[in-house]
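Let's explore a protein model together, one question at a time. Take a look at the structure first.

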Amino acid sequence: MDLFLLAQSGVLIFIASLIIFYACNTFESSADYLGRNMQAGAKGALISAIGSSLPELFVTFAFVATGRPEMILAGVAITAG
C-alpha cells in the first residue's frame, strides 16, 4: 500500500468535508433568512428539508463527476437512503 496515496486521499476527504460543512452552514443561515416570514411548518417542509439533504446531494454530484457507472449508482443509493 502506498502511504503517499493514502495520505493524499485523507487530505482530499478532509477538504471535501470542510467544504460540505461550510456550505451546509451557509445554507442554514440563508434558509433562516428566506423563511423569516413563513410559519414553522411551511419553512421546515419547504426550505429546511433541502438543507438537511445537502450533504447527500453534494456526494452524489461528486460521484456523477467521476463518470464511472458504479460511482453514479452509489450516488443514487446514497440519495435514496
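## Buried, exposed and lining residues

Q: In which helix does A31 lie?
A: Helices here are DSSP runs of H or I with at least four residues, numbered from the N terminus. By that rule, A31 lies in helix α1.

Before we go on, this is a predicted model, where local features need pLDDT of at least 70, side-chain atom pairs count only at pLDDT 80 or more, and totals for chains, interfaces and linings use all residues. Residues are numbered from 1 along each chain as its sequence is written, and side-chain values use heavy atoms, with hydrogens and water left out.

Q: Is A31 buried or exposed?
A: Buried means under 20% relative accessible area, exposed means over 50%, and partly exposed is in between, using a 1.4 Å probe and protein chains only. The relative accessibility of A31 is 5%, so A31 counts as buried.

Q: How many Å apart in space are A31 and S48?
A: Start with the sequence, where A31 and S48 are 17 residues apart. From C-alpha to C-alpha, their separation in space is 6.6 Å.

Q: Is Y22 buried or exposed?
A: Y22 has its place in helix α1, which covers residues 3-34. Because its relative accessibility is 52%, Y22 counts as exposed.

Q: Which element gives the largest share of the lining of the largest pocket?
A: On a 1 Å grid over the protein atoms alone, a pocket is an open set of points where a 1.4 Å probe fits, with protein on both sides within 12 Å along at least five of seven lines, and lining residues have an atom within 4 Å of a point. The lining here is A16, I19, I20, F58, V59, A62 and F63. Two or more of these residues come from each of α1 and α3 (54-66). The largest share, 4 residues, comes from α3.

Q: How far apart in space are V59 and A40?
A: V59 lies in helix α3, and it is partly exposed because its relative accessible area is 26%. V59 and A40 are 19 residues apart in sequence. In space, C-alpha to C-alpha, the distance between V59 and A40 is 28 Å.
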